[in-house]
Every structure is written in C-alpha cells, then in structure tokens.
Amino acid sequence: MKKVTKGQWNGYDTYILHSHELEVTLLPRLGNNVIRIWDRVQQRDVLRCPDESELDFYLQKPYHFGIPLLIPPGRIRRGHFTYAGQEYQFDRNTANDNHIHGLHRTQPWRVSDIEEDDEGCAITTEFVTSDDPNWIRQFPEPLKLEMTLRLQGASLKQTFKITHLGQKAAPFGLGLHTWFLIDGEPGRWNLKLPVSGLFKADEELIPTGEIAPLGPWEALNEGMNLQGVDCDTMLNIGGKPAVAELTRDDGYGLRYSADPEHFKFWVIYSKGEADRFFCIEPYTWLPDAPNSPLPAEQTGLIDLKPQQTVELNLNLDIVYPEGESAPETDS
C-alpha cells in the first residue's frame with residue numbers, strides 16, 4: 001500500500017502516492033499540481049479534480065483545480081516593482097492591468113526522488129526558473145524550486161525548498177489555492193480558522209495594508225457554517241495557530257496546517273455562494289508586498305539572499321469519525 005505508482009492524465013505522466021487511507025495524484029509536467037486526493041475510507045474526492053475533458057480550461061487557469069502553487073500569490077499593482085536595484089515587470093493579466101497569481105502555471109517539473117518505506121512514501125520534484133524564458137523575463141533572479149510530498153496514513157506533508165541561484169537579493173512569496181470539495185452540501189460543513197483581523201482592499205482589490213476588525217468573520221475563530229457564505233477575503237493570522245479545520249456534521253473533516261514562521265495569511269474563497277467547493281489558501285505574503293510601505297515583518301515578504309535556501313512546510317490531515325477505516329484491499 002505504501003508505494004508510488006505511475007498513471008496518466010491527458011497523456012501526461014502522473015505519480016500516485018498510496019496509503020491505506022488515501023491516494024494522492026501529482027501532475028509534475030503541467031505545473032506540479034496535486035490534482036487529486038482520493039479518500040479510500042469515505043470513497044470521495046477531497047479536492048476539485050480536473051476532468052480530462054477540461055484540459056483547455058486547465059491550461060488556461062490551472063489554479064482552479066487541486067492544490068496549485070501561486071508564486072507569488074495575489075495581485076501586484078501594474079505587475080511592477082523594483083527590489084534591491086532590480087526592476088521586475090510581470091505580465092498584466094487582470095481587468096485593471098494588474099498581475100495576479102504569479103508566474104507559476106503549467107511549467108514542467110522534474111521528478112528527482114521517490115521513496116517508499118514501512119511508514120509511508122514520498123516524491124520530490126524540482127524546477128529551475130531560468131529554464132523557462134517567460135519566467136526569467138519577468139523575474140530575472142533565478143531560483144531553484146523543490147517540492148516533496150510525503151504521504152503517511154491519512155496525513156500528507158508538503159515541503160518546499162526555495163534556493164536563490166542569482167546575484168541580488170530577491171523578494172519571495174508563495175501561496176496555495178487549495179480547492180476543497182464540500183459536495184454541494186455547505187450547510188453540513190463548518191470552518192474553524194483562528195484569525196485576528198481582516199485586510200482592507202482598494203477598488204482594484206489590492207490590500208492597503210490596513211487591518212480592520214473581523215466583524216461577521218469573527219465566527220471563524222469558533223467555527224462558521226458555510227451555508228450562504230460568499231467570500232474572497234484576506235485574513236491576518238496575527239500570531240494565532242496557522243491551522244484551518246474544515247469539519248462535516250458527522251465528524252469527518254480536514255485539518256490544514258502551515259509553518260507559522262512563514263505563513264501569516266489566509267485567503268478564503270467560495271467562487272460565488274459556497275456550494276461544491278471552498279478554497280482555503282495559505283499565503284506567505286500580503287499581495288503586492290514589494291510595493292507596500294509596510295515592513296517585511298508585516299507583509300510576510302521573504303528577502304531571499306543569493307545562495308540562500310528557505311524551507312516551507314504544510315500538512316493536510318484527514319480526520320475520520322471514530323471507528324471508520326478503509327476497506328482491506330491491495331488496490
């Protein structure tokens with residue numbers, strides 16, 4: 001059961017991590033996206049998974065499925081900033097001529113390691129940004145990105161290592177636009193998310209840096225029912241635990257936790273009124289961080305020095321009602 005097998009999606013190789021409880025499918029050659037988590041215990045998909053018929057849509061907007069990477073996350077005003085004497089110009093891809101959700105889309109990652117042991121299994125992939133002319137044109141300081149997925153029982157650990165290969169300090173931010181399924185039954189699900197404040201945004205949906213009281217979102221701290229929730233909301237963790245708990249009324253649920261040293265913000269997004277899915281997005285930086293007058297401690301901007309490596313960790317744990325287990329099978 002604790003093994004990594006190969007599959008295919010639209011002719012592209014996938015790698016499937018297996019445990020007794022879960023099957024996790026990674027698509028390295030199209031953006032290194034975790035496109036599926038199949039829960040063998042509940043016999044359900046955990047994530048919004050792209051159907052093979054949705055290839056064109058996936059290629060256009062890969063961050064609408066699975067656990068896509070946003071490097072960097074959120075909007076950047078006019079796609080432009082200057083950092084450490086280096087000018088950066090990202091493509092403008094919003095209605096207001098801003099940039100959104102970074103340079104990472106469908107770039108091919110290389111599988112560098114696979115591990116299988118008595119406790120679980122893991123896969124490591126890597127991508128060097130200077131291998132992509134479109135990326136390096138917009139972000140001229142080269143980076144090496146590595147990601148390790150380790151599946152152990154009902155727990156998936158995601159580790160990122162970012163190494164600066166260039167000559168000047170570079171600003172770094174990472175986010176995950178994770179699409180959790182709620183199966184068209186939002187009233188059965190509650191989200192508990194320890195947060196301290198709500199970020200105000202301007203008319204172009206870029207955070208001003210000002211933090212407002214939570215107001216109705218205060219309910220997240222104790223658990224908010226998702227029935228009727230309609231949100232695209234940026235929240236400050238503010239020193240509280242970086243842990244989201246999405247729980248169904250029968251005791252089944254998900255515990256999504258992030259490295260508190262670096263992940264300082266959550267975005268929650270329902271794409272209209274919550275129905276089939278609900279996005280819980282951990283961010284390391286506040287969108288438009290390089291242009292913000294606020295210090296890096298407040299914006300979360302990581303100042304990457306030449307040859308420096310930064311490690312980021314997240315965990316997704318499935319929580320089962322007492323007594324539930326997966327069927328005994330070798331598949």
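**Strands and selected residues**

Tutor: Start with a facing pair: threonine 25 stands opposite arginine 36 in S4. Keep in mind that this is a predicted model.

Student: OK. How do S3 and S4 pair, and over how many bridges?

Tutor: Strand S3 (residues 22–27) and strand S4 (residues 33–39) are antiparallel partners, with six bridges between them.

Student: And what is the strand order in the open sheet of five strands?

Tutor: The order is S1-S2-S3-S4-S5, and the pairing is antiparallel. Strand S1 (3–9) and strand S5 (44–45) stand at the edges. Each has a single partner strand, so one side of each lacks a neighbour in the sheet.

Student: What do strands of a sheet pair through, in general?

Tutor: Backbone hydrogen bonds, in either a parallel or an antiparallel arrangement.

Student: New topic. Where is glutamate 281, and is it buried or exposed?

Tutor: Glutamate 281 lies in strand S26 (residues 277–283). Glutamate 281 is buried and has no salt bridge.

Student: Which side chain of opposite charge is nearest to glutamate 281?

Tutor: Arginine 75, at 9.2 Å.

Student: Which polar contacts does the side chain of glutamate 281 make, then?

Tutor: One is with the side chain of histidine 177, at 3.4 Å. Another is with the side chain of tyrosine 283, at 3.1 Å.

Student: What else does glutamate 281 contact, leaving aside neighbours within four places in sequence?

Tutor: The list includes Leu70, Leu176, Thr178 and Phe265. Trp266, Val267 and Tyr269 are also on it, along with His177.

Student: Now isoleucine 268. Which strand is it in, and is it buried or exposed?

Tutor: Isoleucine 268 is in strand S25 (residues 265–273). Its relative accessible area is 0%, so isoleucine 268 counts as buried.

Student: What does isoleucine 268 touch, not counting residues up to four places away?

Tutor: Among them are Leu191, Leu193, Trp217, Leu220 and Leu235. Cys231, Asp232 and Thr233 are also touched, as are Phe278 and Cys279.

Student: Last one: proline 108. Where does it lie?

Tutor: Proline 108 is in the loop between strand S10 (99–100) and strand S11 (110–116). At 40% relative accessibility, proline 108 is partly exposed.

Student: Which residues does proline 108 touch, beyond those up to four places away in sequence?

Tutor: Pro28, Arg29 and Phe127.

Terms used. Residues are numbered from 1 along each chain as its sequence is written. This is a predicted model: local features need pLDDT of at least 70, side-chain atom pairs count only at pLDDT 80 or more; totals for chains, interfaces and linings use all residues. Side-chain values use heavy atoms; hydrogens and water are left out. Helices (H or I, at least four residues) and strands (E, at least two) are DSSP runs, numbered from the N terminus. Buried means under 20% relative accessible area, exposed over 50%, partly exposed in between (1.4 Å probe, protein chains only). Contact means heavy atoms within 4.5 Å. Lys and Arg count as positive and Asp and Glu as negative; His and the chain ends are not counted. A salt bridge is a side-chain nitrogen of Lys or Arg within 4 Å of a carboxyl oxygen of Asp or Glu. A polar contact is a pair of N or O atoms within 3.5 Å; within protein, one must be able to donate a hydrogen and the other to accept it, and residues adjacent in sequence count only if both atoms are side-chain atoms. Two strands pair if DSSP finds at least two bridges between them.
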